[in-house]
Amino acid sequence: MYTVRNITEDLYWVGANDHRLHLFENIHPIPRGVSYNSYLLMDEKTVLFDTVDWAVCREFLNNIEHVLDGKDLDYIIINHLEPDHAASLDEVLMRYPNAKVISNERAFMMMRQFGFAIDGKEIEVAEGDAMSFGKHEITWVAAPMVHWPEAMVSFDTTNGVLFSADAFGTFGALDGKLFADEVNFDRDWLDDARRYLTNIVGKYGSFVQDLLKKASTIDIKMICPLHGPVWREDLGYFIDKYDKWSRYEPEEEGVLIVYASMYGNTEYAAQTLATKLCKRGMTNVQMYDVSDTHVSYLVSEAFKYSHIVLASVTYNLEMYPVMHNFLNEIRMLNLQNRTVGIIENGSWAPQAAGEMEEFLDEKMKLMDVLSGEVSIASSLNDSTDKELEGLADAIMDSFEKIREDKKNA
């Protein structure tokens, strides 16, 4: 049996979906599964674009066999060597021993590191090189650090299809719905797309920007990523999202409140601040318990919103450990250009605020920490409630300032 879909008249999706994997890269939860996309071009020469993870290899091989329908496989293009895309390379080569492998110098080095049997089968290409496979001509563009150093993308100059490797990918299994226009992407897929980009490639925003600049010079009509749906309509919508995320520009005006609470008092302060903001007209507020939310979701939300409030209990004279972990994650992923408010709590020696502010000032870039941090002794009282009022006012004032700066830019 097979699960194959036509992308164009002679291009087929031959990948597979995985609902059994719970953690992508053994770290990021994927409750909706993930797709491993591979594409087969049936021209005068047959060309396979990338392979799939070992876990779905059997279905993948069945798909290839069905589309080839007795023909031999001539070429395998490897755009990205990470095992979720290249692990099945040897299995394909064992079944189609005449196939040649097309990739770049660094990728071939890594293939040997992984022990793939490619000797005598290599065709090395570099950026700007092109090959004809009949009516289709493919050219290559280097995409280093999106998100491995050997990554490249393949562009079909005949029909405008970009095989984009890990760029423009997203978490989530396709389950038959191959194209982005077959789903409500904004409602059902955007959060997973953001979480994928920010956690997997977020650190390398400048490299994504480099790739976007190269992409702007070619006439792309369709995007075929290695994870998630294929884009054949409204490409500008998704390219704009990638542009914002990779420039660390907030996607929305709004407030993300991340709180660390042991007995509920810091959580209550966070709820109180959220209420005050909504009363002032800022209803785009999201709250998360840092102890009960996987950090990959917090990272995604931090990339989404313009303002972040950190509310942390003091623990062993420092900020709460999971709050520190969250800050370290967004530091590693290079998040910047955010406005931050701070709330601390401590029953006998509040220290979290100073720790958080020092982290933001010394270890992160362009993080505008609002004055008037709130320091709570055990629980809210009339005095600290007024401090929360002041923080809510400062947040609202910062929205006005940002809007004015944009208007005058």
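## Basis and overall layout

The model is predicted, with local features requiring pLDDT of at least 70 and side-chain atom pairs counted only at pLDDT 80 or more, while totals for chains, interfaces and linings use all residues. Residues are numbered from 1 along each chain as its sequence is written, and side-chain values use heavy atoms, with hydrogens and water left out.

The chain contains 13 helices and 23 strands; these are DSSP runs numbered from the N terminus, helices being H or I of at least four residues and strands E of at least two. Its C-alpha trace spans about 80 × 45 × 35 Å along the principal axes. Of the 409 residues in the chain, 56% are buried (buried means under 20% relative accessible area, exposed over 50% and partly exposed in between, with a 1.4 Å probe and protein chains only). Contacts are heavy atoms within 4.5 Å. Among contacts between residues at least 6 apart in sequence, 72% join residues at least 24 apart.

An open sheet of 7 strands has the order 1-2-7-8-9-10-11, and its pairing is mixed; two strands pair if DSSP finds at least two bridges between them. Strand 1 (5-8) and strand 11 (122-124) are the edge strands, each pairing on one side only. From one strand to the next, the twist averages 25°. Strand 10 (residues 100-103) is parallel to strand 11, with 3 bridges between them. Ile-102 has Ile-123 in strand 11 as its bridge partner.

Helix 1 (residues 57-68) lies across strand 2 (11-13), strand 7 (39-42) and strand 8 (46-49), and runs at about 10° to strand 7. Axes here are lines fitted to C-alpha atoms, for helices over the stretch in contact, and angles run from 0 to 180 degrees between N-to-C directions.

## Helix 6

Helix 6 (residues 190-200) is largely enclosed by the rest of the structure, because 10 of its 11 residues are buried. The buried residues include Asp-192, Arg-194 and Arg-195, along with Leu-190, Tyr-196 and Leu-197. Their cover includes strand 4 (23-24), strand 5 (28-29), helix 5 (185-188), helix 8 (235-246) and helix 10 (295-304).

## Strand 19 and its partners

Strand 19 is likewise largely enclosed by the rest of the structure, since 10 of its 11 residues are buried. Strand 19 runs parallel to strand 17, to which 7 bridges join it, and parallel to strand 21, again through 7 bridges. The bridge partner of Val-313 in strand 21 is Asn-345.

Strand 20 (residues 318-319) is antiparallel to strand 19 and joined to it by 2 bridges. Thr-314 has Met-319 in strand 20 as its bridge partner. The hairpin of these two strands has 2 residues between them, and Asn-316 takes a positive phi near 50° there.

Pockets are found on a 1 Å grid over the protein atoms alone: a pocket is an open set of points, where a 1.4 Å probe fits, with protein on both sides within 12 Å along at least five of seven lines, and lining residues have an atom within 4 Å of a point. Grid points are joined across faces, edges and corners, and a volume is the space filled by probe spheres set on the points. The largest pocket has a volume of about 370 Å³. It is lined by 20 residues, of which Pro-250, Ser-306, Asn-337, Thr-339 and Ile-402 are the closest to its centre. Strand 17 (252-260), strand 19 (305-315), strand 21 (336-345), strand 22 (365-369) and helix 13 (382-408) each give two or more residues to this lining. Helix 13 supplies the largest share, 6 residues. By class, the lining of the largest pocket has 5 nonpolar, 5 polar and 10 charged residues (Ala, Val, Leu, Ile, Met, Phe, Trp, Tyr, Cys and Pro count as nonpolar, Asp, Glu, Lys and Arg as charged, and the others, Gly among them, as polar).

The second largest pocket holds about 290 Å³ of space. Met-262, Val-313, Thr-314, Gly-346 and Ser-347 are the closest to its centre among its 18 lining residues. Helix 9 (265-279) and strand 19 each supply at least two lining residues, and strand 19 gives the largest share, 3 residues. The lining of the second largest pocket comprises 8 nonpolar and 10 polar residues, with no charged residues.
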